[in-house]
Amino acid sequence: MRRTRALLALTATALATVLFSPTTAEAAVDPGLKISASTGVGTHNAYERGTYTYLAQALDARPGLIELDVWPDVFTRQWRVSHSNPVGNDNNCVAATSAAQLYTGTRNRNLEHCLDDIRLWSAAHPDAGPLILKLELKTGFSGRTGQGPVELDALLAARLGDRVFRPAQLRGSHASLDAAARADAWPSRAQLAGKVIVELIPGTVEEGNPTDVLWTDVEYARHLAGLTTAGTLDQARAFPAVHRAQAGDPRSRYADPALRPWFVLFDGDATAYVTGGIDTAWYATNHYLLVMTDAQNVPPAVPSSDPDAASARVADLAAHHATIASADWATLPAVVSTVLPRG
């Protein structure tokens, strides 16, 4: 009876901490390992209420990556977070102002509130991370409504502050992000504890729109190049990703060769990387970050009911040089928190 009363007395925050404490696998990894030399696990669409009641619970599982789908609402000029609603929110973010409020309150909030939740949670868990925050801009940027790269940088700066690991910090004194990555200028996992690396990918709507000739990846890479020329790269808060798996150097798809050195993060389907004849060792050799998505679908498919098979899949993708193995395994916190040496 006393034990029952004690459990009932736990607050939602404390209970979440008990349920989602770091695993032995996570703790066993050398914190001196660079992020470019490690493999973590990502949670696909962690913002959906059917996946986690609150976004903080997704973070409690200690993932290496979470994903938010973002829409620039052209009517209100707000940044919405939803899987399919361009003018409304459908997510598990709350308007918290303290860590104690992360597990309560009204959900379905704007992007700035999701970022607040991440900042508050990270401040309460300074040993966690690094966390890759993958933003899929469903319809891309919207310059005509003032929702372009400059405005996104400002929002990330205002809400996440110095928790963001910036492109300028990777570049250092190197000529470009590519040169810095090839020199393996990435910090160690210990140095990135509590930090967020923001990844930007083009959205599914954007990629399927034949009238959209300027996708997120190109627009943000141009933004990085322009800031560098102006000597203000420190204002940038995100890394554009080369989206979708491709053999060779996928940056060859960009007609302007001057943009290619600003891509050091790659994101595509895990099955394509594993079974498509792609030399994934190229990414590890050059110390590029590689996000492999839909890890559960690599044949044979791994259901969320099989933690042993899921763990084996993560190890296999680590051997294939993934930085992140992203999957629909939210019900397997021990797998989600896994961190392994890469390769």
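What covers the buried residues of α13? The cover includes β1, α11 (270–275), β8 (289–293), β9 (324–327), α14 (333–336) and β10 (340–341), where contact means heavy atoms within 4.5 Å. This is a predicted model, in which local features need pLDDT of at least 70 and side-chain atom pairs count only at pLDDT 80 or more, while totals for chains, interfaces and linings use all residues. Residues are numbered from 1 along each chain as its sequence is written, and side-chain values use heavy atoms, with hydrogens and water left out. Helices (H or I, at least four residues) and strands (E, at least two) are DSSP runs, numbered from the N terminus.

**Helix α13**

- Helix α13 (residues 307–319) has 13 residues, which at 1.5 Å a residue should span 18 Å, and its end C-alpha atoms are 18 Å apart, in agreement; the expected span is 1.5 Å times one less than the number of residues.
- Ala 310, Arg 313, Val 314, Leu 317 and Ala 318 are buried in α13, buried meaning under 20% relative accessible area, exposed over 50% and partly exposed in between (1.4 Å probe, protein chains only).
- These residues lie on the same side of α13, because they cover an arc of only 140 degrees around the axis, the arc being that of the directions from the helix axis to the C-beta atoms.
- Just after α13, His 321 takes a positive phi of about 75 degrees.

**Gly 40 in strand β1**

- Gly 40, in strand β1 (residues 38–43), is buried, with a relative accessible area of 6%.
- Leaving aside neighbours within four places in sequence, Gly 40 is in contact with Thr 323, Ile 324, Ala 325 and Thr 338.

**Aromatic pairs**

- The structure holds 11 aromatic pairs, counted for rings of Phe, Tyr and Trp (its six-membered ring) whose centres lie within 6.5 Å, with planes under 30 degrees apart counted as stacked, over 60 as edge-to-face and the rest as tilted.
- Phe 165 and Phe 239 form a stacked pair, 6.3 Å centre to centre with 10 degrees between the planes.
- Phe 165 lies in the loop between α6 (149–160) and α7 (167–171) and Phe 239 in strand β6 (residues 239–243), so this pair ties together parts 74 residues apart in sequence.
- Phe 165 is buried at a relative accessible area of 5%, and Phe 239 is buried at 1%.
- Phe 266 and Tyr 288 form a tilted pair, 5.3 Å centre to centre with 50 degrees between the planes.
- Ring pairs link Phe 266, Tyr 273, Trp 282, Tyr 283 and Tyr 288 into a cluster.
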